Amino acid sequence: MTETVLRIEHVGVQFGGLVAISDMNFDVGQGEIVSLIGPNGAGKTTAFNVMTGFLAPTKGAVKYCGRDLRGLKPHEIADLGLIRTFQRTSVFPNDTVFDNVLIGLHRQSKLGLLAAILRLPGARASELAVRERAAELVRLVGLEARSHELAGSLSYGEQRLVGVALALAAQPKMLLMDEPVSGMNASETHTFVQLIRRIRDSGVTILLVEHDMPMVMSVSDRIVVLNYGRIIAEGPPEEIRTNPAVIEAYLGQSAKDVVKEVAAHA
Amino acid sequence: MTRVFSLVTLAFFASVPLWLKDPYLLNALITTGIFIIGAMSMNLLLGFTGQLSLGHIAFFGIGAYVSALTSLGYDVPIVGDFHIVHTPWPPIAGFALAVVISGLCGYLVGKLSFRVRGAYFVIVTISFAEVVRLVALNWVELTQGPLALTNIPSITIGLPYLGYLTLKTKLQNYYLVLAVAAVAYFLISRLVHSHYGRAMRGLMENETLAVSVGIDVTKALTLTAIISAAIAGAAGSLYAHYIRIIDPEVFAFISTVTMVIMVVSGGKGSLAGPVVGGVIFGLLPVLLRPVMAPEAQWITYGLVLIAILFVLPRGIVPALAPKLGFGRQPVKPKPVVVTELTAKEHA
């Protein structure tokens, strides 16, 4: 077993009387690609918000590299290298793609205020390094042709790529992606899967929330299935594919029998 | 290009007293210049972080009072026989103190109100300005209240080889204001082009996303508020030592509104915006005065403002700069080439 990066320990979230997550308990190991799936309203985005400090859990704890994240602000969690992307608002719309990534690189510029204003010798070098890194990241996600266009003018799929470049700019050790391929066509999704693999190969652990099942099945090492705020299954894709509880959650009770029947005839 | 233009503009402003000899107009230019510095500081908050400080004049007024009191000295009873006595310091020390103390007030207001932003920040700043005005009005032992602080000394600066120079004439004060304005412009420009400026822009456009990549909201906004307030304080100090008499009216709400008009008409979020808007709305009343009745002046003032915002809703500079070849140009969308799909079809 590899080293555990993220440990979700019996996390529960309640909004007043509404239970969004009742009891969630799973680990993500170093270098894994894990997907969190489940029908709409299963609590996936809520889980993300808890992990990244946008929401405090009602009970339980999130531990990242052995450290309890309770009480940390979102930007402090980002400082630890746990970075997320968003479902919808993934870019700074009025800035160019390049400037978007530059904003994402904020954490990398450790320049003091005075040094930045007076442009001391270190400032120029630091700014150059940051710009170089930004160009590199834009290339990595394949948007160099769009580098100087306003991020808000890009297509939905391309904005997702900007979101990923932004997240990568913050130097993640672990990346949480919220429905990264929704709104992408098949060929864009295919390219995106390769990008995810490349990011993982560079040493970044990845947790995905996604609805696109073929994509989830092809990219994940492990899948965690959530329904009504609790985990109903966990395992490698081939196991999840045939798990009766999962099929029931997605297709309903009667479908389970249909699937069994189909399996029997196959 | 932009830098050359800035220098040409600076040279132009520096040349004004050479051909403009009318002391009345020069006086108008000086007070306008002081308000432009205030407007620039407001633009730093409003245009680059999106926070509207509707009590911005408080920082200006605090700067004016701190500077005036430092150079005048005071003797204030606190409790019983305990007095705080201050002997006059040179006005330049007052200027420095004005910057520091206004900046400190910016820190306090920022720290308090940036937990809740937007409308709440507007309310906190308005209240802050009103409280400070009431203090200035009622703490008579310190501020003379409505009787005003009078005989505020002019600023004296030490020049190498020239000894000390007291800036008494309009000409000297014009160049002093111009120099401070240039420094403020330079500071703001460097700040917004640094990674701090990028953090501010990120926060304004999409706060959740900015936070998610590790930008500390409170820190970035508080820092901006400090710098903005400090610059406003510097403007206030210049005002006190130029006009040489200040009363609690320096905290008037209308002055903040004037700054907002300068910033919004010129173009918030553009460096030159407050300067352009400031020149127009600072000098407009002066130019209208000889030709119109007072009522007509204010109506014209309002009409000009409405006309500008109707035709150029984003302000003069953001609308015109790209046409003249300055600043960030909107990039025309390129035709999308679908190489990937066609390649697949042929495969």
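1. The expected span of a helix is taken as 1.5 Å times one less than its number of residues, where helices (H or I, at least four residues) and strands (E, at least two) are DSSP runs numbered from the N terminus. For helix H10 of chain B, residues 217-243, the 27 residues should span 39 Å, and the end C-alpha atoms are 39 Å apart, in agreement.

2. This is a predicted model, in which local features need pLDDT of at least 70 and side-chain atom pairs count only at pLDDT 80 or more, while totals for chains, interfaces and linings use all residues. Residues are numbered from 1 along each chain as its sequence is written, and chains are lettered from A, and ligands numbered from 1, in the order in which they are written.

3. Of the 27 residues of H10(B), 24 are buried, so the helix is largely enclosed by the rest of the structure; buried here requires 20 or more other C-beta atoms, placed from the backbone, within 10 Å of the residue's own. Arg244(B), which follows H10(B), has a positive phi near 70°.

4. In chain A, Gly43(A) sits in the loop between strand E3 (33-37) and helix H1 (44-51), and is buried because 25 other C-beta atoms lie within 10 Å. Beyond its neighbours within four places in sequence, Gly43(A) is in contact (C-beta atoms, placed from the backbone, within 7 Å) with Ala20(A), Ile21(A), Leu226(A) and Gly229(A).

5. The contact between the chains takes 34 residues from chain A and 26 residues from chain B. On the side of chain A that touches chain B, H2(A) gives the largest share, four residues.

Methods. A residue is buried if 20 or more other C-beta atoms lie within 10 Å of its own, exposed if 12 or fewer, and partly exposed in between; C-beta atoms are placed from the backbone. Two residues are in contact if their C-beta atoms, placed from the backbone, lie within 7 Å.
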